[in-house]
Amino acid sequence: MTVETVAAGVHLVRGSAVNWVLVVDGQAVTVIDGGYPGDAGALEASLTAVGREPGDVVAALVTHAHVDHVGGLAPLAARVGFPVLTGPAEVRHARREVVEQAGPADVARHACRPRVLAWAVHAVRLGALRSVAVPSATALDEPLDLPGRPVPVPTPGHTSGHTAYLLPDAGALVSGDALVTGHPTTARTGPQRLAAFFDHDPARAAVALDALAPLDAGVLLPGHGPAWRGTPEQAVAIAHSRDAGGT
Ligand SMILES: [Zn+2]
């Protein structure tokens, strides 16, 4: 786990396969996403690393309810009792009333690629096949009166209720898996979309990128890959050019 402070009070935490974000304002913390089940300890350690503790978390926001984004968060939320908020269309997924996740069969079809196989083995170790639910998940209500004043940006496609979060004071965009800058399954770096087999609806995910382009930010904090300096408009243009077959 590494913690990179990208703006005052805004920390990108990079676990071994997925990121989360801590937004600190005074004593209070907003957590955005929370890793695999196997990242639960790292999530707590990341709070310690920024001088805070679980009791300082006032709420968690979820970009989407895949196991690598809520697996480490679920036990902490259950223990501490802070609210877990997500886009209205993502709540049923977070509660596991529906599942919109690539399963072992989807991954197996691509496991001839060495990077996909190596990632899958690592992901299973981190608890990718464990059933994770956040029964307390509720729909966020705007405006969000939370550290960082996050503004939700609906970006459906990767999952039906995928939501990015703009942190306007920091000029940072938490893009979740709508727009990433790398993934263990690919050698590509820089702004890009995830491999289509990870998306619940790839065509819709491609369109959702355009919701990010006009946002006013100077740094991208993705669900996977390092922080990327530049505007969302630039990042989206690069991702689209790659979708079109560029490098
Ligand atoms: Zn992810």
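Mentor: Start at S175, which sits in strand β10. Strands here are DSSP runs of E with at least two residues, helices are runs of H or I with at least four, and both are numbered from the N terminus. The model is predicted, so local features need pLDDT of at least 70 and side-chain atom pairs count only at pLDDT 80 or more, while totals for chains, interfaces and linings use all residues. Residues are numbered from 1 along each chain as its sequence is written, and side-chain values use heavy atoms, with hydrogens and water left out.

S175 counts as buried because its relative accessibility is 0%. Buried means under 20% relative accessible area, exposed means over 50%, and partly exposed lies in between (1.4 Å probe, protein chains only). Now look at its partners. Setting aside neighbours within four places in sequence, S175 is in contact with H162, A164, L212, L220, L221 and P222. Contact means heavy atoms within 4.5 Å.

Follow the last of those partners. P222 lies in strand β11. P222 is buried too, because its relative accessibility is 2%. Leaving out residues up to four places away in sequence, P222 touches L12, N19, S175, G176, L179, V180, T181 and A227.

A cavity is a set of points, on a 1 Å grid over the protein atoms alone, where a 1.4 Å probe fits but cannot get out; a pocket is an open set with protein on both sides within 12 Å along at least five of seven lines; lining residues have an atom within 4 Å of a point. The structure holds 1 cavity of 30 Å³ or more. The largest cavity has about 40 Å³ of space. Such a volume is the space filled by probe spheres set on grid points, which are joined across faces, edges and corners. Strands β3 (19–25), β10 and β11 each supply at least two of the lining residues. β3 gives the most, with 3. By class, this lining has 6 nonpolar, 4 polar and 1 charged residues. Ala, Val, Leu, Ile, Met, Phe, Trp, Tyr, Cys and Pro count as nonpolar, Asp, Glu, Lys and Arg as charged, and the others, Gly among them, as polar.

Next, the metal. The zinc ion is coordinated by D68 (OD), H69 (NE2), D177 (OD) and H224 (NE2), at 2.1 to 2.4 Å. Donors are N, O and S atoms within 2.8 Å of the metal (3.2 Å for Na, K and Ca); water is not among the atoms, so sites may look incomplete. Along the chain, the donors follow the spacing D-H-x107-D-x46-H. D177 and H224 link distant parts of the chain, 47 residues apart. D177 is in the loop between β10 (172–176) and α7 (202–212), and H224 is in the loop between β11 (219–222) and β12 (228–229). Both D177 and H224 are buried.

Why is the arrangement around the zinc ion called irregular? The 4 donor atoms subtend angles of 90 to 160 degrees, which makes it so. Four donors count as tetrahedral if all angles lie between 85 and 135 degrees; four count as square planar and six as octahedral if opposite donors are over 155 degrees apart and all others between 65 and 115; anything else is irregular.

Finish with the pockets. The second largest pocket has a volume of about 160 Å³. Its lining has 14 residues, with R14, G182, H183, P184 and G225 nearest the centre. They divide into 4 nonpolar, 9 polar and 1 charged. The largest pocket holds about 500 Å³. It is lined by 26 residues, and V67, Q101, A102, G103 and A128 lie nearest its centre. Helix α6 gives the most to this lining, with 4 residues. The lining of the largest pocket has 15 nonpolar, 7 polar and 4 charged residues.
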